[in-house]
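I opened the model to look up a few contacts and pairings. My notes follow the order in which I checked things.

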Amino acid sequence: MIAIEGVSKRFDAARDRRHLALNDVTLSVAEGEFVSILGPSGCGKSTLLYIVGGFVEPTAGRVLVKDVPVRGPGPDRGPVFQEFALFPWKTVLGNVMYGLQQGGVPRAEALARSRELLTMVRLSAYENFYPKELSGGMKQRVAIARTLAYRPNILLMDEPFGALDAHTRTGLQNDLLHIWDKDRKTVLFVTHSVEEAVFLSDRVVMMSSAPGRIKQIFDIDLPRPRSRAELLLDRRFQDYVVEIEKMFDDTAQQAPA
Amino acid sequence: MTRLTSIPGLPPLLACLGILVVWELLARWYGLNGLPPASQALPQIPHILSDKESLIDMGESLRRMAIGYGLALLIAVPIGLWMGRSRYAAAFFNPLMMVIYPVPKAALMPIIMLWLGVGDASKTLVIFLGVTLPLIYHSYQGSRAVEEKLLWSASAMGLGGFARLWRVVLPAALPEILVGCKTGLVLALITMVTSEMIARQAGIGNIVFVSLDLGAYDTVYAMIVIIGMLGILFDVGFEVLRRRLVGWADSPHTIMVGSA
Ligand SMILES: Nc1ncnc2c1ncn2[C@@H]1O[C@H](COP(=O)(O)OP(=O)(O)OP(=O)(O)O)[C@@H](O)[C@H]1O
Ligand SMILES: [Mg+2]
């Protein structure tokens, strides 16, 4: 489904500020696979997602989606940005409906689907609020609903639960898995939480920084559908978390400050 | 004690009253011929406002102002938005703006009159020139500041280049564009009056300067007050519009008026 082939990205901000953000990253993601990316801050996780999304061009290498080289953004790949990027002039409902109406979905249908998604992210009561009137976590949930609304085949999620409190976070993890179980989208999911990565993913990719590259890939062999309560007691789950956390600590320590 | 400033509308009313009192006192104190007291000038206002000739004159002025302002909106906003999104457009238009900015637009009036005569066209053009630069400048700043990820989100939804400019850059930059519109509105009023001062024929400025020549100072001052009231009226109307259009945005900017 997604083939990242030898992708490197160098930023040339100035002559003395060249920065190799990604170095020769190769990764393929199967259709319907849920892959998480972990790594220290600044290792190029967002950059990698932007390249797959077609927002940023790689300096070297290429990305194929369904065997077609990525030339730019498209509705087959839905991004959820770390910064939310909600349209401030649209209400919550307007934001969620935006992509649907852009895609030519009739108004009534777009409205119904948007309301359904807002119920899922528990924001039905806020549909007429403007983004500036929402908390960080609420904005993030709107951003997720907005992207899910136009049904991209691939979800590119950049720390979508980063700004949420632990309770909402686990709630949304469950919801995301639930939605994902229904239509098995391909997901690239960036996170800082090892537990979250293990809970959600089929594979966890550990990156190291400066230059950013893939350090190790873990297969998470846990049965689905997964339930949080059961997994927390599951020995295998605990082992994965501990193993990856150790590796994460090592990687972070090697990373220059 | 209840705070007087907390009563809406009271502080500006007090300020106006204060000015009138100072005006009245100064006029009585010095007894200058060229400075009639407020109590003498103000009664002229209803007189002027019920005079058909002057009303036609004012209508003419406002019509020119509306056309000049409208044309400027249609041309300046797209240019500004385009400059903010394209490095080449910015590189092309920026030096032009730098050259034109310090030139007082009303001072171009005599030259323009050589080309277009003393009629409507010259005055409208001067108003247009006076308004264009702040409009371009603020549209440019607004468009430049649009968050990249908003555009990315839109292009992921399938919006093409032009649709993004129209449906993302324009609304996102609207609060800043409106700052330019508001500055432009004041400048339009100023250039309107000055243009008529130079090319006298009809209009608000014409009434002022003809009365000045005739020594009808109370009319002159009454007209100045009317122009000031027009300014306030535009400002209030604009605020209502602004709140409706960009209520979703954070607090408004403070407005600075540039050169006319
Ligand atoms: N537009 C840019 N210009 C120059 N350098 C950039 C740019 N974008 C990213 N970088 C650099 O590339 C590196 C990777 O950035 P990126 O945002 O991908 O990291 P990240 O892994 O997502 O970090 P975080 O976990 O903090 O979000 C950083 O060192 C950053 O300084
Ligand atoms: Mg990031």
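This is a predicted model: local features need pLDDT of at least 70, side-chain atom pairs count only at pLDDT 80 or more; totals for chains, interfaces and linings use all residues.

**Entry 1: domain interface, chain A.** I looked for polar contacts across the interface of domain 1 of chain A and domain 2 of chain A, and the rule finds three residue pairs, both residues at pLDDT 80 or more. A polar contact here is a pair of N or O atoms within 3.5 Å; within protein, one must be able to donate a hydrogen and the other to accept it, and residues adjacent in sequence count only if both atoms are side-chain atoms. Next I asked which elements give two or more residues to the side of domain 1 that touches domain 2 of chain A. They are β7 (154-158) and α5 (166-183) of chain A. I note the rule for elements: helices (H or I, at least four residues) and strands (E, at least two) are DSSP runs, numbered from the N terminus. Helix α5(A) gives five residues, the largest share of that side. By class, the residues of that side divide into ten nonpolar, four polar and three charged. Ala, Val, Leu, Ile, Met, Phe, Trp, Tyr, Cys and Pro count as nonpolar, Asp, Glu, Lys and Arg as charged, and the others, Gly among them, as polar.

Residues are numbered from 1 along each chain as its sequence is written, chains are lettered from A and ligands numbered from 1 in the order in which they are written, and side-chain values use heavy atoms, with hydrogens and water left out.

**Entry 2: bounds and area.** Domain 1 of chain A covers 2-76 + 152-254, and domain 2 covers 86-151. The bounds come from an automatic or database domain assignment. I find 25 Å between the C-alpha centres of the two domains of chain A. In contact (heavy atoms within 4.5 Å) are 17 residues of domain 1 and twelve residues of domain 2 of chain A. The area buried between them is about 1100 Å², and carbon and sulfur atoms give 70% of this. P152(A), L172(A) and I179(A) supply 35% of what domain 1 buries against domain 2 of chain A, more than any other three residues. Buried area is the accessible area (1.4 Å probe) that two parts lose on being put together, summed over both.

**Entry 3: D76(A).** I found D76(A) in the loop between β5 (68-69) and β6 (77-80) of chain A. The classes are buried under 20% relative accessible area, exposed over 50%, partly exposed in between (1.4 Å probe, protein chains only). Its side chain makes a polar contact with the side chain of R77(A), at 3.2 Å. Leaving aside neighbours within four places in sequence, I list V65(A), P152(A), N153(A) and I154(A) as contacts of D76(A).

**Entry 4: salt bridges.** I count 24 salt bridges over all chains. The rule is a side-chain nitrogen of Lys or Arg within 4 Å of a carboxyl oxygen of Asp or Glu. R115(A) pairs with E127(A), the closest N and O atoms being 2.8 Å apart. R115(A) sits in helix α3 (residues 107-120) and E127(A) in the loop between α3 and α4 (136-149) of chain A, so the pair ties together parts twelve residues apart in sequence. R115(A) is partly exposed at 37%, whereas E127(A) is buried at 14%.

One salt bridge is found across the domain interface of chain A. I also looked up D175(A) with R122(A), which form a salt bridge at 3.4 Å between the closest N and O atoms. D175(A) is buried at 17%, and R122(A) is partly exposed at 47%.

**Entry 5: chain B.** D120(B) and R63(B) meet in a salt bridge of 2.6 Å, N to O. D120(B) is in helix α7 (residues 120-144) and R63(B) in helix α4 (residues 52-85) of chain B, 57 residues apart. Salt bridges that share partners join E60(B), R63(B), R64(B), D120(B) and E196(B) into one network.
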